[in-house]
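Here are my notes for your read-through. Keep the viewer open and follow along point by point.

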Amino acid sequence: MKLYQINQSQYPQSVELDWTESLIEGDAVFLFEAGVLRLVTQAPTLETLSQKKVSIYFRQQDLEAYGLKPSIGNSISDLEWVGLTQQHSKIVSW
C-alpha cells in the first residue's frame, strides 16, 4: 500500500494523470496545504478515487485555514498524519 501526499491544488495535466492513474485499491491520498483545495476544484476526481477504494485524508489544520468541510474522506491531525505514514510501505510526495 502506498501513501500519496499532495500539497498543490493542481499539477500539469501529465502529472495529474500519472498520480491518479497509478492508485490502486488500498492506497491512500493525503491532501495538505493547498492540496485541500481539491475539495472545491476536483471533487469528481476525489469521488472517483474513493469509489476505487482509495482512502482520502485531509490535514485538519489546512481545512480550517481554508474554511472547508469535506463530504468525503477523513480529516486528521498532524499526529495522525505521522501514524498514517507508518502504516504505508511506500510514500510518494507530489
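1. Let's start with L46, which sits in helix α3 (helices here are DSSP runs of H or I, at least four residues, and strands are runs of E, at least two, both numbered from the N terminus). L46 counts as buried because its relative accessibility is 2%; buried means under 20% relative accessible area, exposed means over 50%, and partly exposed is in between, with a 1.4 Å probe and protein chains only.

2. A word on what you're looking at: this is a predicted model, where local features need pLDDT of at least 70, side-chain atom pairs count only at pLDDT 80 or more, and totals for chains, interfaces and linings use all residues. Residues are numbered from 1 along each chain as its sequence is written, and side-chain values use heavy atoms, with hydrogens and water left out.

3. Which residues does L46 touch, not counting those up to four places away in sequence? They are L31, R38, L39, I56, F58 and I72, where contact means heavy atoms within 4.5 Å. I91 is another story: its C-alpha atom is separated from that of L46 by 19 Å, and the two residues are 45 apart along the chain.

4. Now the sheet. It is open, has 5 strands in the order β4-β3-β2-β1-β5, and its pairing is parallel (two strands pair if DSSP finds at least two bridges between them).

5. K2 is found opposite K90 in β5.

6. What about the helices? α3 (residues 43-51) lies across β2 and β3 (55-59), at about 130 degrees to β3. α5 packs on the sheet too, touching β1, β2, β3, β4 and β5, and its direction makes about 110 degrees with that of β4.

7. Next, the aromatics. Rings of Phe, Tyr and Trp (its six-membered ring) pair if their centres lie within 6.5 Å; planes under 30 degrees apart count as stacked, over 60 as edge-to-face and the rest as tilted. That rule gives 4 aromatic pairs. F30 and F32 are stacked, because their ring centres are 5.5 Å apart and their planes are at 15 degrees. F30 and W81 are tilted, because their centres are 4.4 Å apart with planes at 35 degrees. This second pair links distant parts of the chain, 51 residues apart: F30 is in strand β2 (residues 28-31) and W81 in helix α5 (residues 78-87).

8. Ring pairs make a cluster of F30, F32 and W81. Buried or exposed, then, is F30? F30 is buried at 0% relative accessibility, F32 is buried at 12%, and W81 counts as buried at 19%.

9. Last, H88, in the loop between α5 and β5. H88 is buried, with 10% relative accessible area. Leaving aside neighbours within four places in sequence, H88 is in contact with M1, K2, L3, G26 and A28.

Terms used
Axes fitted to C-alpha atoms, helices over the stretch in contact; angles between N-to-C directions.
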